[in-house]
Structure formats: structure tokens, C-alpha cells
Amino acid sequence: MRTYKLLLLLPTLLLALFSCTAQKSKNTTLKDAYKDKFFIGTALNLDQIHGKDVQSVEIVKSQFSSIVAENCMKSMYLQPEEGKFFFDDADKFVEFGEKNKMFIIGHNLLWHSQAPRWFFTDKDGKNVTPEVLKERIKNHITTIVTHYKGRIQGWDVVNEAILDDGQYRKSKFYEILGEEFIPLAFQYAHEADPDAELYYNDYNEWFPGKREAIVKLVKTLKERGLRIDGIGMQSHLGIETPSLEEYEKAIITYSDLGLKASITELDVSALPSPWGTSANISDVNKYKKELDPYKTGLTPEAEKVWENRYLDLFKLYLKHQDRIRRVTLWGVTDLQSWKNDFPVRGRTDYPLLFDRNYKAKPVVQKLIDLTK
Ligand code: GLA
């Protein structure tokens with residue numbers, strides 16, 4: 001009799017269990033769902049850092065476990081004039097991360113772009129000598145990393161030093177110091193905070209020539225006894241490129257070197273790429289209506305394609321969770337994304353996980369469900 005009653009109750013019990021689990025999964029946030037996998041991060045702009053953009057800040061606090069500054073820690077902001085450091089914005093950024101117990105990333109110590117002119121020139125505007133540049137690099141890195149010692153857990157030490165074909169970029173750093181500026185930067189960063197993780201960060205790291213050059217660089221650093229913990233793969237991606245296969249190969253290649261890969265600046269553009277539609281380089285950045293087809297919103301078809309791309313990427317990240325330290329989105333909502341102006345100015349793009357009304361897109365719940 002008792003068994004019979006229990007059997008009758010079974011559907012009700014199962015239903016209750018199911019709805020309880022479903023409810024639980026609905027309430028889970030990205031950072032909770034990915035807690036045992038890797039950090040889920042986002043980049044913060046000044047309005048977020050200073051708490052003016054209240055709605056974004058709420059999203060950041062509840063959804064993300066790691067932060068990086070979108071701009072305010074680049075050299076032109078941290079040391080606008082030689083010897084005059086400006087830490088106010090970056091200090092606020094770090095305080096925010098500490099208060100919310102986040103994994104804080106310093107981005108970046110050396111980059112050819114958004115660097116102040118004085119860094120490379122003397123009072124007559126000529127290139128400085130290698131000795132002077134070396135001293136300036138040392139002072140820049142040592143001052144900043146010491147200022148945040150024990151508070152910033154990982155640094156993008158060098159950003160974008162290698163070109164897609166594997167050659168070194170002919171930046172001012174390279175022109176004056178040759179490839180030596182990279183080991184020097186890693187050395188100075190490590191000396192200033194021996195506990196901080198150190199990364200090399202770049203884009204298109206799946207291009208074979210570039211991949212091999214990065215592998216060579218890592219080996220050189222390691223042979224010289226220098227610390228490097230990971231490769232940052234920026235990942236400003238399109239719907240079709242790169243292929244998952246070549247992207248996966250890069251993740252595997254870098255982690256096979258004993259490093260972790262980090263996805264450091266993820267966004268997936270939903271717009272047609274101008275690279276494929278024009279043979280004329282000077283035409284590439286020109287605004288054309290056909291390159292901006294979703295002014296008032298994605299079509300359901302376009303949204304599906306975009307969503308599937310995100311799901312495929314995260315399936316790949318989960319497959320390689322042991323090789324991946326962090327997946328960081330390059331911004332919170334579509335409204336603020338740099339992709340609205342790159343590579344073509346004034347378009348309406350949909351690259352991030354939260355929409356222009358600060359609402360989680362349906363993909364967010366699907367990314368959470370992937371971890372089950
Ligand atoms: C590169 C840099 C980032 C950012 C983007 C564009 O990827 O590493 O800091 O400037 O370009 O927003």
C-alpha cells in the first residue's frame with residue numbers, strides 16, 4: 001500500500017525536484033557557473049570605475065569574477081609626462097576589484113599604441129639611445145608594478161609586439177632596443193612583484209607564423225630563467241573567423257609550453273567584415289550602409305548565428321578548461337563597445353553579452369547551462 005502511494009506521488013516529487021533545479025540554474029550567474037572552470041572577466045571603462053554607470057556596475061558585481069581596465073592603465077594615462085605618474089583612475093579600478101574580491105589584471109605595461117611621445121624621444125624630438133629607453137622602460141614598469149604590488153594578480157607585460165607573419169613589429173621599442181625590450185620588460189615586472197603572474201598579450205595568435213614566433217619568444221624567456229605564466233589571446237572575433245580548429249590549435253600550442261592561455265578581450269562582432277568585401281585597403285574603413293545592416297536590432301536569424309558562435313566558443317573553452325586561466329569580455333554592454341567604431345566608424349554592433357538596455361541576452365543563460 002505504502003509503495004503504491006509513493007508511486008502515485010512520484011511524478012509530483014520529480015516535478016518539484018526539476019523545477020527546483022531549473023530555478024537554481026536560472027538564478028546562477030556567469031561567475032558562479034564558471035567558478036570551478038576559469039575566471040570570467042570584463043573590461044571596465046571610466047564611468048564604471050567611478051561608479052557613474054550604476055547599471056553596468058551592478059552587472060559587473062554580480063556576473064564577473066575578474067576585471068581589467070579598458071584604457072586607464074595604458075602608458076599615456078599612467079605616465080603622461082616623464083616622471084609624472086597619474087594613478088587616480090587606476091587606484092579606483094583596483095579598489096573596486098578588491099572590494100568585490102576579483103582577480104585583477106593590469107593592462108598593459110608596454111604597448112606601441114596609446115604610449116606618450118616623450119617615451120621614445122629626446123628634447124629635440126629625436127629617438128633616444130637604447131640606454132635611455134631601457135632606463136625609461138625600467139622606471140615605468142618598476143614604478144607601476146611596485147605601486148600595485150600584491151594587489152594586481154596578473155600583468156599584460158607586453159602587448160602586440162609580433163605581426164601576423166611572425167616578424168617583430170617595427171615599433172619604437174623595437175627600433176631602438178631590438179627584441180631585447182621584451183625580456184627586459186618581463187625581468188623588471190618580475191623584480192617589482194615576484195608573486196604576480198606575467199603574460200604576453202596579442203591578437204590573431206592562431207596565424208601560423210605569429211604562433212610560431214610567440215612559441216619562440218616564450219622559449220627564449222624561459223631559457224633565460226624569466227617568468228611568464230600565460231599568453232593572452234585578445235579574441236576580437238568575427239562570426240566566421242578564425243575557424244574553431246585554428247583557434248583551438250593556438251590554445252593547445254601555448255598551454256603545451258607549460259603556460260595557461262587566457263582569452264583576454266573577447267567580443268564577437270555580428271556585422272559583416274569589411275576586410276572581405278573590399279580589395280582596396282583605403283576603402284576598408286569607409287562607412288557603407290551595407291556594412292551596417294542591423295541599425296534597429298539583429299534579425300532573429302542573425303541573432304541565432306551570433307549566439308551559436310558564442311556557444312561554440314564557450315564549448316571549446318570548457319573542453320580546454322584545464323588549459324585556460326580566464327575568459328574576459330571586452331566590455332559589459334553593446335552600447336559601450338569599441339566595436340561600434342571599429343573597423344568602421346558609426347556602425348551598430350552587437351558583440352557583448354548584455355544589450356543596450358543593460359539586459360542579459362538569452363545567450364547568458366545558455367552559457368550558464370553549458371557548465372551543467
Ligand atoms: C587592443 C588593446 C586593447 C584595446 C583594443 C581596442 O586589443 O589591447 O587595450 O585598446 O585594442 O579597444
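## Close-up views of a predicted model

The largest cavity has a volume of about 50 Å³. It belongs to a predicted model, shown here in a series of close-ups.

**View 1. The largest cavity and its lining.** Among the residues that line this cavity are Leu110, Trp111 and His112. Val158, Asn159, Glu160 and Ala161 also line the cavity. Arg169, Ser171, Phe173 and Phe181 complete the lining. Strand 3 (103-111) and strand 4 (154-159) each supply at least two of the lining residues. By class, the lining has 6 nonpolar, 3 polar and 2 charged residues.

**View 2. Glutamate 160, a cavity-lining residue with positive phi.** Glu160 is one of the residues lining the largest cavity. Its phi is near 55°, a positive value in a residue other than glycine. Most residues other than glycine have a negative phi. Glutamate 160 sits in the loop between strand 4 and helix 8 (172-177).

**View 3. The second largest cavity.** How many cavities of 30 Å³ or more does the structure hold? There are 2. Ala43, Asn45, Gln48 and Glu70 are among its lining residues. The lining also includes Trp330, Gly331 and Val332, as well as Gln336, Ser337 and Trp338. Here the classes are 4 nonpolar, 5 polar and 1 charged.

**View 4. The largest pocket.** The volume of this pocket is about 1200 Å³. Its lining is made by 39 residues. Which residues lie nearest the centre of the pocket? They are His236, Leu237, Trp275, Lys339 and Phe342. Strand 3, strand 7 (236-237) and helix 12 each give at least two residues to the lining. Strand 3 also supplies at least two residues to the lining of the largest cavity.

**View 5. Two cis peptide bonds, each ending at a proline.** Most peptide bonds are trans. The bond joining threonine 241 and proline 242 is cis, with omega about -5°. Proline 242 is placed in the loop between strand 7 and helix 11. A cis bond also runs from phenylalanine 342 to proline 343, where omega is near 0°. Phe342 is one of the residues nearest the centre of the largest pocket. Proline 343 belongs to the loop between strand 9 (324-329) and helix 13 (362-369).

**View 6. Helix 10 against helix 11.** Two packed helices are described by the angle between their axes and the distance between the axes. The axes of helix 10 (residues 208-223) and helix 11 come within 10 Å and cross at roughly 10°. Angles under 35 degrees count as roughly parallel, so helix 10 and helix 11 are roughly parallel to each other. Helix 10 passes helix 11 in a right-handed crossing. Arg211, Ile214 and Val215 in helix 10 meet Lys249, Ala250, Thr253 and Tyr254 in helix 11. This contact has 4 nonpolar, 1 polar and 2 charged residues.

**View 7. Helix 11 against helix 12.** Helix 11 (residues 244-255) and helix 12 (residues 300-319) pack at about 30°. Their axes are 11 Å apart. The angle makes helix 11 roughly parallel to helix 12. The crossing of helix 11 past helix 12 is right-handed. From helix 11, the contact uses Leu244, Tyr247, Glu248 and Ile251. From helix 12 come Arg309, Asp312, Leu313, Leu316, Tyr317 and Lys319. In this contact, 6 residues are nonpolar and 4 are charged, with no polar residues.

**View 8. Helix 12 against helix 13.** What is the angle between helix 12 and helix 13? They pack at about 25°, with axes 10 Å apart. Helix 12 and helix 13 are therefore roughly parallel to each other. Helix 12 passes helix 13 in a right-handed crossing. On helix 12, the contact residues are Glu303, Lys304, Trp306, Glu307, Tyr310, Leu311 and Phe314. On helix 13, they are Pro362, Val363, Lys366 and Leu367. The classes are 7 nonpolar, no polar and 4 charged.

Key:
Residues numbered from 1 in each chain as written. Predicted model: local features only at pLDDT ≥ 70, side-chain atom pairs only at ≥ 80, totals over all residues. Heavy atoms only, no water. Axes fitted to C-alpha atoms, helices over the stretch in contact; angles between N-to-C directions. Helix = DSSP H or I, 4+ residues; strand = E, 2+ residues; numbered from the N terminus. Parallel < 35°, antiparallel > 145°, perpendicular 65-115°, else oblique. Left-handed = near helix turned anticlockwise from the far one by under 90°. Contact = heavy atoms within 4.5 Å. Nonpolar A, V, L, I, M, F, W, Y, C, P; charged D, E, K, R; others polar. 1 Å grid on protein atoms, 1.4 Å probe; cavity = no way out; pocket = protein on both sides within 12 Å on 5 of 7 lines; lining within 4 Å. Points joined across faces, edges and corners; volume = space filled by probe spheres on them.
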